Amino acid sequence: MDDSFSLLSSHAGYLGSAWRGAFGIALRRAACVTGLPDCDDCDLVGSCPYPTIFESRTPPDATMLTRYPRTPNPYVLEPADRHCDARDDTLNLGVTLFGRAVDHLPYIIRALQRAGAQGLTSRRTALELLAVQAEYLGDDGDMAWRDIYQPSEPLATTPAVERIMPPAPDAVRIRLISPLRIKRRGHFVGAKDFDFHAFAANLLRRISLLTNFFGDAPLAADFAGLLRGAEEVPVAKEDLRWRDLTRHSSRQHAKLKMGGLEGSFEVHAPRLDLFWPCLWLGQWTHVGKGCTMGLGRYALAPADADDRAWPMPERL
């Protein structure tokens, strides 16, 4: 379902929301051939890379999930959680593409290259693209990285790599790497009212939408039954806290709140196996609001082991 690569840049300064905003502007400039102010009025909206990637719409011939006018955008950016200004510094920007979004990889690389060259945040520190790398399965059975593109060189092919999902453990620890923003009845869920049902409902909806609109076939699962079952799954060893974050919106000329939950919690058998495939996949899809800018990222580990007991979706 996903194809992942790392964008290596130098001379860096960054924010997740700044990457997303700069990427959207650069992608539109790279892809748009009509110059129309709104994609809704364009005859090419169904085939153009920009609306497909950055403003994904529900197709008019959709037969499922038609009450959603927009679908989740089929990409996730995972920028390093730090500022860098030294001229000899190097940053990794993780990018995950879902399903058919990988067909537009050349546009995405070009847009990110242009976005970096324009500079991010008010400091406008220019970034130089060094290489694009993709994950692959090595001869030893471990995941590794290899260059698929360098400036002035042709883009290499990126064959799909199937990740092997381990069997469900008796208990799993879910570590929130970036702020988790999930809503229930119009309000963000905090540490005191967090439960597994809120987490699972957001995750199942995101995975089902991505699979339905960008995968080869809709995900075959009893979502209603899973949601009912999630209400009976307790969380254990809960260690959650709210982290306040803000981002600058150029469109609204204001600072917007984007805080969320960080920390960890555990989920135990016997019902863990029902949710295991979605929990495993969610490490790449992220969950909640702000996924495209890197929020809602988490990693799994057996509850009785360290955080790297399983191969983690590391990008940074």
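Predicted model: local features only at pLDDT ≥ 70, side-chain atom pairs only at ≥ 80, totals over all residues.
Two strands count as paired if DSSP finds at least two bridges between them. Strands of a sheet pair through backbone hydrogen bonds, either parallel or antiparallel. Axes here are lines fitted to C-alpha atoms, for helices over the stretch in contact, and angles run from 0 to 180 degrees between N-to-C directions.

Residues are numbered from 1 along each chain as its sequence is written. Local features need pLDDT of at least 70, and side-chain atom pairs count only at pLDDT 80 or more, while totals for chains, interfaces and linings use all residues; side-chain values use heavy atoms, with hydrogens and water left out.

The chain has 6 helices and 13 strands. These are DSSP runs numbered from the N terminus: helices are H or I with at least four residues, strands are E with at least two. Two of the strand pairs are set out below.

| Strand pair | Sense | Bridges |
|---|---|---|
| β9 and β12 (residues 260-268) | antiparallel | 6 bridges |
| β2 (residues 75-79) and β3 | antiparallel | 5 bridges |

In the pair with β12, the bridge partner of Arg243 is Gly260. Strand β3 (residues 90-98) has 7 of its 9 residues buried, so it is largely enclosed by the rest of the structure. Buried means under 20% relative accessible area, exposed means over 50%, and partly exposed lies in between (1.4 Å probe, protein chains only). Of the 316 residues of the chain, 49% count as buried.

How do α4 and α6 meet: roughly parallel or roughly perpendicular to each other? The axes of helix α4 (residues 196-214) and helix α6 (residues 272-285) come within 10 Å and cross at roughly 70°. The two helices are therefore roughly perpendicular to each other. Angles of 65 to 115 degrees count as roughly perpendicular, under 35 as roughly parallel, over 145 as roughly antiparallel, and the rest as oblique. Among the residues that make the contact are Phe196, Phe199 and Leu203 of α4, and Phe275, Cys278 and Leu279 of α6. Contact means heavy atoms within 4.5 Å. The contact residues divide into 11 nonpolar, 2 polar and 1 charged. Here Ala, Val, Leu, Ile, Met, Phe, Trp, Tyr, Cys and Pro count as nonpolar, Asp, Glu, Lys and Arg as charged, and the others, Gly among them, as polar.

Ser17 lies in helix α1 (residues 16-31) and counts as buried because its relative accessibility is 11%. Leaving out residues up to four places away in sequence, Ser17 touches Arg247 and Met293. Arg110 sits in helix α3 (residues 105-118); at 39% relative accessibility, Arg110 counts as partly exposed. The C-alpha atoms of Arg110 and Ala30 are separated by 7.6 Å, although the two are 80 residues apart along the chain.

The chain has a mean pLDDT of 84, and 85% of its residues reach 70 or more. pLDDT is the predictor's confidence in each residue, from 0 to 100. Over residues 10-14 the pLDDT stays under 50, and over residues 83-87 it is below 50.
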